[in-house]
Amino acid sequence: MSQISTPIEFKNYKKFSYTFAGRPLVIETGKMAGLANGSILIRYGETVLLCCATASAKPRDGIDFLPLSVDYEERMYAAGKIPGGYLKREGKPSEKAILTSRVIDRPIRPLFPKDLRNDVALTLTVMSVDPDCSPEITAMIGASTALAISDIPWNGPIGGVFMGLVDGKLVVNPTEEEQKKSDLQLTVAASMQKVVMIEAGANEVDDDTMFEAIMVAHKEIKDLLEFINAIIDEIGKPKFAYPSCELDHDMFDKVFAFCEKDMMEALDTDDKNIRDEKVVPITDAIIEKFSEEYPEISGMMDELIYKIQKKIVRRWLLVDKKRVDGRRMDQIRPLGSEVGILPRTHGSGLFTRGQTQVLTVATLGMLSEAQMLDGIDNETEKRYMHHYNMPGFSTGEAKATRSPGRREIGHGALAERSLVPVLPSPEEFPYAIRLVSDVVSSNGSTSQGSVCGSTLALMDAGVPIKAPVAGISCGLITAEDGSWDTMLDIQGLEDFYGDMDFKVAGTHKGITSIQMDLKIDGLTPEIIKAAFEQTHKGRDYIIDEVILKAIPAPRAEVSKYAPKMTSFKIDPDKIREVIGKGGSVIQKIVAESGAKVDIEDDGTICIASANGENAAKAKAMIDAIVFEPEVGAVYTGKVTGIKEFGCFVEYAPGKEGMVHISKIAPKRIEKVEDVLKLGDTVKVKYMGLDKKGRMDFSIKDAE
């Protein structure tokens, strides 16, 4: 007996529509991923993502943090591409996907309850890409909405926009073409009341324009949040109850009273090593004193020490206006910089700020050594690369070195973005550039130390940057009554126990990058303005008093160990002649000259060599191949062949032209040999093409 299935009915299906920056934004629920705590399919233009939020039923044991993971998953089919490589399937996340995950994580994380220990996972799968509708911003909105309608405890929603600056005008969610012309790439996330995340790359944009862009973004986000809140009101689930994992308040108060004086003394130093040494006996004393009353206390020591130190440091900053190392709130730690400390590298710079120290090394290569990219957008290569490493010894930890994690990739990308606006174009400086920043000592703000180290290394390598770039961070401390204060150049403890790490890099002229990390529910416009003012003064000081005193300008020449590069263009139709059949010609040029040669499809040729003579020889060989005589021009050459009807003259290396017997001498001659012999040097004039389309030269007209 046959069975007939009944059609599926999605009884909980809902569809919500909104116009976002002039383009349709559609959110659908109740059709896909029904087993997740919260899920939506979000469409912005033709960009489509499936956004799912899930949480474990029980908290994870033995941890003192929220186990949140945010994964931005790029599917190559979204852009109509098949993945490269042998396996032909998506592998580890691209660098851009990792950076997007971090941008979404940062504004979402502070809005979870501080005592939640359940695993929370956000999976944001890109299924279709419209280049004019940012999948990154769509993912942020989708993540916020999926969390907000779920039963997972979270104090959202938030919204996000992407801001551009095109021809001096601010543009919300610029199209792909507008982004190519934009002087600003600004991502802002915000709640109804406050800005919760800022990430920017900029072409030396001034503070006032940047502030205005943030305010315009916040206004747009508020309108978007009204739409999201309406969805929550209609289909949002009640938040589930969870066991609080906060420390016992009575226990904390007793421990704090016991060790307060000793901990204050331990923290009152600018030396991280001394501070760490002094904390060890305090920890031992706490366990000895309270282990009988609280048997589980030894397993809580990390969280206890963290909260004890946090209470002391925040009280110092808020009440006493005192910093751990005795600085004023607007004072930068001791600074130092050196260049040229590694003799065989192409450029090197060591930047020191307090106990934070970053060594950045520059390597120059051929343009063909640019990084090839395989992603869902239209970016296919990257000429300038910056890589950041932070080994365990930099913080005094004994741990094995591993491949770079999300933090290392994020810090490297931030420093990279900071220098891009001041780099010379490939036409001005035909090199691929790689920087590696190794953090050799860390006590806060290593990413901005990498920015300063990058400027030093580039200038030492002879890269003609347009202006030096410096980076510095601004911290924040807030009180329950709403009062607040900012502090310039935060070190480790102020980062751990403060409320903000507001990193700004730029030149004297303007900002080139921003990254803001928050531990609170957002910033007011007044705090953002104060951060801009402090960081601008800080970077001006670092540029004038530290960087330019170490190296006043980029070196006039690249290192003797760097490849010498020559770049020029030929007619693309001549590329085939330069390469030759099966690459025979180009291989001969490389073998005879000793130089490396790269040829682009547009006719751009880059020649690299350890010395200028080899590069000049390769260029001369290519010039000879592509040389085309100009009509009316006179050339000096040698007679290479004699025939009854005329002679052949090599007017350029490897280039021969025929001179008819009637154009050899002013008067009529019977034989060519009466006037010329093989090897004679003569002047010839190019007359153009004859009636049969052949090149026509004349000796008598040249004279």
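Residues are numbered from 1 along each chain as its sequence is written. In this predicted model, local features need pLDDT of at least 70 and side-chain atom pairs count only at pLDDT 80 or more, while totals for chains, interfaces and linings use all residues, and side-chain values use heavy atoms, with hydrogens and water left out.

User: How are α4 and α11 oriented to each other?
Analyst: Helices (H or I, at least four residues) and strands (E, at least two) are DSSP runs, numbered from the N terminus. The axes, lines fitted to C-alpha atoms over the stretch in contact, with angles from 0 to 180 degrees between N-to-C directions, come within 11 Å for α4 (residues 207–235) and α11 (residues 525–550) and cross at roughly 155°. Angles under 35 degrees count as roughly parallel, over 145 as roughly antiparallel, 65 to 115 as roughly perpendicular and the rest as oblique. The two helices, α4 and α11, are therefore roughly antiparallel.

User: In β24, which residue is the bridge partner of Lys 564?
Analyst: The strands β22 and β24 (residues 604–609) run antiparallel and are joined by six bridges. Within β24, the bridge partner of Lys 564 is Ser 609.

User: How many residues of β12 are buried?
Analyst: Buried means under 20% relative accessible area, exposed over 50% and partly exposed in between, with a 1.4 Å probe and protein chains only. From β12 (residues 347–353), Gly 347, Gly 349, Phe 351 and Arg 353 point one way, whereas Ser 348, Leu 350 and Thr 352 point the other way, and all are buried. The strand β12 is thus mostly covered, and the number of its buried residues is seven of seven.

User: Which residue in the turn between β12 and β13 has a positive phi?
Analyst: The strands β12 and β13 (residues 356–365) pair in the antiparallel sense over seven bridges, and in β13 the bridge partner of Phe 351 is Val 358. These two strands form a hairpin with two residues between them, and the turn residue with a positive phi, of about 65°, is Gly 354.

Key
Pairing = 2+ DSSP bridges.
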